[in-house]
Amino acid sequence: MRQLTAAIAAVGLAAVSLAPTFAQRPPADTVPGVNGDITVIPITHGTVELVYGSQVVLIDPGRSFLDQPFDAPPPPPDGKGGPPLPPPVMRAPGAVTRKLYAGLKPPTLILVTDIHEDHFDPAVIKIVKAPSTVVVGPEVVSSKIAGAGSLSNDHIKTVGGVLMEAVPMYNLTIEKDMTEPFHTKGRGNGYIVTLGGKRVYVAGDTSCTPEMKALKNIDVAFLPMNLPYTMSSADAAQCALAFKPGIVYPYHYIGPELTTGPPAFEKALAGSGIEVRRRDWYVGLPPMGPPPGKH
């Protein structure tokens with residue numbers, strides 16, 4: 001994901017003067033639960049918070065794309081044959097990221113889907129978590145956070161009355177000149193979270209997999225659509241029609257389908273009985289073309 005982050009950072013440099021104005025979230029939504037509403041708070045890209053009473057579930061807390069993620073790389077060595085450059089250094093989250101989370105309830109539970117920086121940012125987790133917050137992720141994530149719980153594909157866990165199920169999350173194809181998919185099967189998790197009697201599915205970075213098509217009784221779903229890292233809007237629609245969530249949010253759509261993906265997805269689901277809720281997950285970010293490199 002570092003190349004994707006770097007590509008977005010280049011756009012962010014042009015928009016950095018907008019950060020104080022646009023470091024804001026899309027409006028929150030509600031979904032009726034058994035004893036009150038579930039509040040759905042889109043935050044950015046793949047980050048969403050679900051609130052039901054005292055239960056606050058934050059998925060993939062990440063930084064704003066207007067917040068430059070890496071320090072400037074060192075100058076190249078003089079001459080030829082010098083040592084390779086060190087990897088860029090991840091900056092501490094700035095004020096624009098802190099503003100994204102201002103006013104939100106501290107999470108009782110943080111779920112992380114995968115290891116890439118747009119989903120797993122330990123510095124952001126440190127900012128948003130409370131002392132009592134439980135962090136859960138696949139082993140590749142939980143092994144890097146002291147005290148975090150681990151959850152593997154197809155397993156379930158209950159934390160603070162919140163039931164979570166880990167759904168396989170992976171790509172079906174291998175891109176040219178690569179030896180494995182961007183997201184390998186078994187490494188990351190999508191999650192089904194049960195709150196207020198509703199089953200909420202957050203897909204993470206995934207293709208339209210057989211496991212997704214086979215899901216049952218999903219009330220709310222968050223589906224990505226940014227090739228080549230996840231799936232196209234057409235594939236996302238195909239999967240939604242297969243498992244028929246009551247409500248679906250297109251999210252994680254930066255890249256080639258930043259402006260075209262969500263409307264195409266909504267059009268494909270017209271008349272299906274599935275409610276599509278489109279939100280601007282990239283408030284203040286200028287339009288951009290497809291990001292190069294590995295995610």
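Me: Is Arg63 buried or exposed?
Reply: Arginine 63 is buried, at a relative accessible area of 8%. Buried means under 20% relative accessible area, exposed over 50%, and partly exposed in between, with a 1.4 Å probe and protein chains only.

Me: What kind of model is this, and how are residues numbered?
Reply: The model is predicted: local features need pLDDT of at least 70, side-chain atom pairs count only at pLDDT 80 or more, and totals for chains, interfaces and linings use all residues. Residues are numbered from 1 along each chain as its sequence is written, and side-chain values use heavy atoms, with hydrogens and water left out.

Me: Which aspartate does arginine 63 meet in a salt bridge?
Reply: Its partner is aspartate 121, at 2.7 Å from N to O. A salt bridge here is a side-chain nitrogen of Lys or Arg within 4 Å of a carboxyl oxygen of Asp or Glu. Arginine 63 lies in the loop between β4 (55–59) and α3 (95–101), and aspartate 121 in the loop between β5 (109–111) and α4 (122–128), so the pair ties together parts 58 residues apart in sequence. Helices (H or I, at least four residues) and strands (E, at least two) are DSSP runs, numbered from the N terminus.

Me: And aspartate 121, buried or exposed?
Reply: Aspartate 121 counts as buried, at 2% relative accessibility.

Me: How many salt bridges are there in the whole structure?
Reply: The search finds eight. One of them joins arginine 277 to aspartate 29, with the closest N and O atoms 4.0 Å apart. Arginine 277 follows β14 (275–276) and aspartate 29 is in strand β1 (residues 29–33), so this pair ties together parts 248 residues apart in sequence.

Me: Which residues are linked with those two in a network?
Reply: The network of salt bridges links Asp29, Glu275, Arg277 and Arg279.

Me: Changing topic: how do α7 and α8 cross?
Reply: The axes of helix α7 (residues 233–243) and helix α8 (residues 261–268) come within 9 Å and cross at roughly 35°. Axes are lines fitted to C-alpha atoms, for helices over the stretch in contact, and angles run from 0 to 180 degrees between N-to-C directions.

Me: Which residues of α7 meet α8?
Reply: Ser233, Ala236, Ala237, Ala240 and Leu241 of α7 meet Gly261, Ala264, Phe265 and Ala268 of α8, where contact means heavy atoms within 4.5 Å.
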